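User: I would like to learn how to read a structure like this one. Please take me through it feature by feature.

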Amino acid sequence: MPFYAGIDVGSLSSDAVIIDQEGRMLGSAITETGAHSTQAAEKALDLALAQAGLSRGDLAFSVATGYGRVSVPMAQKTITEISCHGLGAHAIFPNTRTVIDIGGQDSKAISLDERGKVVDFVMNDKCAAGTGRFLEVMAGKLGLTLDDLGRLSLAAAGEVSISSVCTVFAESEVVSLVARNHPREQIVRGLHRAIVNRVAAMVGGLGVKEAVTMSGGVAKNAGVVALMAERLGINIQVPPEPQIVGALGAALLARRQAG
Amino acid sequence: MSLAGKARFQFMKDVGAPALFALNKSAARKKRRPRPANPDFGPPLACAGRLKEIMARHYYLARFAKGARPVAWVTSGAPVELLRAFGYYTIYPENHGALCGAQKMGPELCQAAEEQGFSPDLCSYARVDLGHFFSRKTPAGRLPRPDLLFCSNNICQTVVYWYKVLAHYLKVPLVMFDTPFHFEEFTEADLDYMARQIQEMIPELERHSGRRFDEAYFRSVTQLSRDTSLLWGQCLATMKARPAPMTIFDAFVHLAPVVSLRGLPVAQEYYKILLAELEERAAKGVGALRQEKKRLMWDNIAIWYKVRDFSNLFASRGMNFVVATYTNAWAETIQYLNLDDPFKSVAQTYGLVILNNNLEHRLQLMSQMVKDYAVDGLVLHSARSCKPYSVGQYDLKRLISQRLGIPAVVIEADITDYRMFSEEQAATRLEAFFEALEAA
């Protein structure tokens with residue numbers, strides 16, 4: 001029986017998914033990309049294969065996606081993360097018509113047809129303000145981990161406003177808010193608001209069609225998801241493991257390529 | 001205008017330049033190593049060499065123009081026919097900017113302007129021009145200092161301030177042609193306002209150039225300009241053929257004469273040659289690409305430092321740009337130019353250019369082009385420099401792609417300042433666009 005792999009090499013994490021002929025997910029892995037894209041891709045792939053109890057020789061076809069997609073020698077084809085996130089989200093939630101993906105260094109909104117095909121998309125431009133990197137930098141400045149952020153944001157009694165949309169300037173804004181003893185969770189909520197406002201403006205330009213699915217590492221942050229739902233006035237569905245949506249889409253495309 | 005200067009210019013024009021270019025040509029022929037042909041492209045345009053020669057000669061002779069002829073720096077949308085009637089040697093800073101951009105000199109020249117306090121948010125054609133003024137750097141050898149600046153705000157408001165700055169530094173007169181924006185329609189008062197400006201310029205230009213206005217000569221220049229633009233329009237229309245005989249990347253380059261030599265016999269002669277070649281290619285089915293799988297439309301000014309890369313990239317996917325709002329701009333309104341009423345019709349011709357016209361017009365124009373040229377996909381360059389061209393593009397993209405059912409993508413970049421271009425981001429957007437097109 002043939003098996004298929006999808007490998008998503010992003011700016012922060014490299015993820016892999018293994019599926020079988022029926023599209024069932026047999027294994028997945030999330031690793032840090034670090035400074036070596038190829039090694040990270042290999043590591044993610046081998047971990048996912050180990051989970052599935054398979055080896056590279058069992059793979060009939062592999063597709064690489066993400067910013068590092070060109071540095072994945074074991075993949076037979078590269079496909080953009082836009083197509084992959086669209087198809088991955090559609091596979092998990094077939095009712096998806098809009099995908100909001102917030103990854104390490106970019107955020108995008110993808111509009112899909114009923115078959116999961118990309119109709120249109122928008123991406124952030126040359127600026128990390130509405131991305132995972134923004135939150136990573138801020139968490140570092142506040143002495144928090146990324147996992148703390150969502151919980152703190154949801155628990156905040158109020159929020160302070162962060163006016164700058166630039167990561168570097170927002171960082172100095174955070175420094176001065178900390179110096180003035182603003183509660184940390186209120187700063188976190190303010191940061192989440194800033195990222196949500198930026199991404200929501202982008203999504204608005206595309207036009208929001210329900211149902212909306214969020215993918216990418218930032219979708220793990222319940223604080224961002226809650227504020228985004230509030231801002232757009234809709235429900236947002238989040239896959240159990242939002243970080244592997246791109247890799248899943250790539251695996252499904254690998255199956256399609258082979259077939 | 002000294003007699004010696006005039007004689008020197010005439011000598012260089014008739015003897016010096018032709019001799020030099022003949023010499024260059026034979027040297028290049030000896031040196032030339034055959035460049036491996038890119039298998040994605042059909043045979044190159046034979047007249048490309050002639051174009052190169054015309055433009056090189058224009059910039060070369062510019063060095064000798066000073067003192068022999070009055071020299072004017074002109075914006076791309078200005079009614080140059082009037083200057084031609086007074087014998088001005090014209091330099092187009094925007095064309096020079098494109099040249100600097102293509103030579104990848106944009107950031108260097110922009111920085112020279114930024115060092116003098118000009119904002120990085122200012123149009124990069126303006127920054128390149130001012131940077132060239134401050135640093136004297138140019139790939140064109142040397143540009144003659146202008147005796148006059150001639151500007152029309154039909155393309156943007158930036159040119160008004162840019163040319164005012166030039167006038168301040170160079171201490172030369174600035175003549176401005178002010179065009180009201182075309183929101184819905186021009187009233188008689190609008191047209192009178194524009195026509196009267198042209199008429200009022202005549203005594204000023206007579207004084208400045210020392211030459212009397214000859215209406216018959218003005219009409220003949222206007223006729224020449226009109227014929228040249230019409231020929232350019234016919235050249236572009238040959239791209240309706242499948243496969244299209246040239247790509248829009250070729251057209252970006254072949255555009256130079258109609259922009260900066262319009263109203264001179266050399267431009268008209270050139271487009272006759274180009275048109276004949278394109279018509280022959282179209283008749284024989286010779287395409288710009290060996291395999292034209294998809295046909296695309298381009299919106300906005302070229303990304304000059306990326307013309308070659310993009311040309312190769314799109315060709316490698318069998319995708320050919322067959323039409324662009326940008327190249328079309330020099331053919332679009334020329335039919336309004338009427339020799340029976342030159343002043344009012346100049347107002348129509350230059351007042352209705354795409355950048356002085358409303359967004360609904362652009363939507364209609366682009367939708368019509370999609371149909372006329374059988375376009376499969378649309379690429380919009382959101383140019384950081386050119387706000388009037390870039391505002392509204394996301395709406396245009398959405399409306400055209402929804403109404404006509406074709407994929408569309410926006411590339412954020414700049415015309416010459418490649419610091420504003422992000423390779424990876426553009427590559428991802430374009431690849432996703434290719435995927436959508438190929439799945440369609």
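Analyst: Start with burial: a residue is buried under 20% relative accessible area, exposed over 50%, and partly exposed in between (1.4 Å probe, protein chains only). Helices (H or I, at least four residues) and strands (E, at least two) are DSSP runs, numbered from the N terminus. In α14(B), B:Thr325, B:Tyr326, B:Thr327, B:Asn328, B:Trp330, B:Ala331 and B:Glu332 are buried. This is a predicted model, where local features need pLDDT of at least 70, side-chain atom pairs count only at pLDDT 80 or more, and totals for chains, interfaces and linings use all residues. Residues are numbered from 1 along each chain as its sequence is written, chains are lettered from A and ligands numbered from 1 in the order in which they are written, and side-chain values use heavy atoms, with hydrogens and water left out.

User: Which residues of α4(B) are buried?

Analyst: Helix α4 spans residues 93–102 of chain B, and eight of its ten residues are buried. They are B:Pro93, B:Glu94, B:Asn95, B:His96, B:Gly97, B:Ala98, B:Cys100 and B:Gly101. Just after this helix, B:Lys104 has a positive phi of about 60 degrees.

User: How do I read a nonpolar core?

Analyst: It is a set of buried Ala, Val, Leu, Ile, Met, Phe, Trp, Tyr and Cys residues joined through side-chain atoms within 4.5 Å. The largest one here has 154 residues, and B:Trp232, B:Trp304 and B:Phe314 touch the most other members. Helix α2 (residues 48–65) of chain B gives the most to this core, nine residues. Domain 1 (1–93 + 240–259) and domain 2 (95–238) of chain A each supply at least three residues to this core. Apart from it lies another core, of 39 residues, including A:Ala139, A:Leu149, A:Ile195 and A:Ile236.

User: What does B:Phe314 touch?

Analyst: Contact means heavy atoms within 4.5 Å. Leaving out residues up to four places away in sequence, B:Phe314 touches B:Phe249, B:Leu296, B:Met319, B:Phe321, B:Val379, B:Leu430 and B:Phe434.

User: How should I read the interface between the two chains?

Analyst: Count residues, then area. Chain A brings 17 residues to the contact and chain B brings 21 residues. Buried area is the accessible area (1.4 Å probe) that two parts lose on being put together, summed over both. Between chain A and chain B it is about 1600 Å², with 48% from carbon and sulfur atoms.

User: How many salt bridges are there between chain A and chain B?

Analyst: A salt bridge puts a side-chain nitrogen of Lys or Arg within 4 Å of a carboxyl oxygen of Asp or Glu. The count between chain A and chain B is two. B:Lys397 forms a salt bridge with A:Asp120, with the closest N and O atoms 2.7 Å apart. On the side of chain A that touches chain B, α2 (81–92) and β8 (118–123) of chain A give two or more residues. β8(A) gives the most, with four residues.

User: Is A:Thr80 buried or exposed?

Analyst: A:Thr80 is buried, with a relative accessible area of 0%. A:Thr80 sits in the loop between β5 (77–78) and α2 of chain A. Among its contacts are A:Thr65, A:Arg69, B:Thr428 and B:Glu431.

User: And how do I read domains?

Analyst: Domain bounds come from an automatic or database domain assignment. The two domains of chain A have centres 25 Å apart, taken over C-alpha atoms. In the contact, 18 residues of domain 1 meet 27 residues of domain 2. About 1800 Å² is buried between domain 1 and domain 2 of chain A, 67% of it on carbon and sulfur atoms. The rule finds one salt bridge across this interface. A:Lys220 and A:Glu241 meet in a salt bridge (3.6 Å, N to O). On the domain 1 side, α2(A) gives the most, with eight residues.

User: What should I check in the backbone?

Analyst: Most residues other than glycine have a negative phi, and most peptide bonds are trans. Look for the exceptions. The peptide bond from A:Glu210 to A:Ala211 is cis, with omega near 0 degrees. The bond from B:Arg242 to B:Pro243 is also cis. A:Asn181 has a positive phi near 60 degrees. B:Asn300 has a positive phi of about 90 degrees.
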